[in-house]
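Student: I have a structure open and want to go through it. Can we start with the metal site?

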Amino acid sequence: MKNQWIIQRISAGIAVLGIVLGCESLVHAQARVIELTADQDSRYKIAGMRAPEITVKAGEQILLRVTARRGKSWNRDGSVHGFSLLRARDRTKVDGWDLLFKPGTQEFVMTAPAEPGEYEVVCTVICSEEHEGMHMKFTVLP
Ligand SMILES: [Cu+2]
């Protein structure tokens with residue numbers, strides 16, 4: 001188990017290095033890419049899914065590539081949507097999973113929660129009167 005942890009840490013390090021160096025292939029070799037749109041109608045969207053949903057393995061390295069489009073309102077800092085991960089059980093926040101999106105495409109290297117179970121993604125920017133409906137299922141498999 002200890003070895004696995006070390007390999008995960010090294011793998012995360014290589015992925016981050018890839019981003020710093022602008023070497024996409026280094027990132028892609030290490031992390032699965034998940035493409036997400038945070039859209040102007042206050043909906044998360046994933047190509048090919050009627051209801052967007054993210055499923056990952058516990059501790060898995062993922063590259064979240066997000067394209068955000070501005071809704072009717074946005075934060076002072078220019079963020080147009082957010083992405084916060086909550087445990088479905090008690091709606092507590094998962095550390096390290098509080099993202100803010102500017103208009104356009106941005107990438108985040110993330111490590112899936114270690115604990116399998118049901119989670120929920122919620123938008124943290126008041127992006128329109130539809131903001132409360134901006135959420136998405138997120139499942140962590142063992
Ligand atoms: Cu939003």
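**Copper site and core**

Tutor: This is a predicted model. The four donor atoms around the copper ion subtend angles of 91 to 126°, which makes the arrangement tetrahedral.

Student: Which residues coordinate the copper ion?

Tutor: His81 through ND1, Cys123 and Cys127 through SG, and Met134 through SD, at 2.3 to 2.4 Å. The spacing of these donor residues in sequence is H-x41-C-x3-C-x6-M.

Student: Where do histidine 81 and cysteine 123 sit in the chain?

Tutor: Histidine 81 is in strand S5 (residues 81-87), and cysteine 123 is in the loop between strand S8 (117-122) and strand S9 (135-141). They are 42 residues apart, so the pair links distant parts of the chain.

Student: Is histidine 81 buried or exposed? And cysteine 123?

Tutor: Histidine 81 has a relative accessible area of 0%, so it is buried, the cut-off being under 20%. Cysteine 123, with 6%, is buried as well.

Student: What does serine 42 touch?

Tutor: Leaving out residues up to four places away in sequence, serine 42 touches His81, Cys127, Ser128, Glu130, His131 and Met134. Serine 42 lies in the loop between strand S1 (32-38) and strand S2 (44-45), and at 0% relative accessibility it counts as buried.

Student: Changing topic: how many residues are in the largest nonpolar core?

Tutor: The core has 30 residues, and Tyr44, Ile54, Leu64, Phe83 and Phe138 have the most contacts inside it. Among the elements giving two or more residues to this core are strand S3 (53-57), strand S4 (61-68) and S5.

Student: And leucine 64, what is it in contact with?

Tutor: Neighbours within four places in sequence aside, leucine 64 is in contact with residues including Ile34, Ile54, Phe83, Leu99 and Phe108.

Technical notes
Residues numbered from 1 in each chain as written. Predicted model: local features only at pLDDT ≥ 70, side-chain atom pairs only at ≥ 80, totals over all residues. Heavy atoms only, no water. Donors = N, O, S within 2.8 Å, 3.2 Å for Na, K, Ca; no water. Tetrahedral: all angles 85-135°; square planar, octahedral: opposite > 155°, others 65-115°. Helix = DSSP H or I, 4+ residues; strand = E, 2+ residues; numbered from the N terminus. Buried < 20%, exposed > 50% of the residue type's maximum accessible area, 1.4 Å probe, protein only. Contact = heavy atoms within 4.5 Å. Core = buried A, V, L, I, M, F, W, Y, C linked by side-chain atoms within 4.5 Å.
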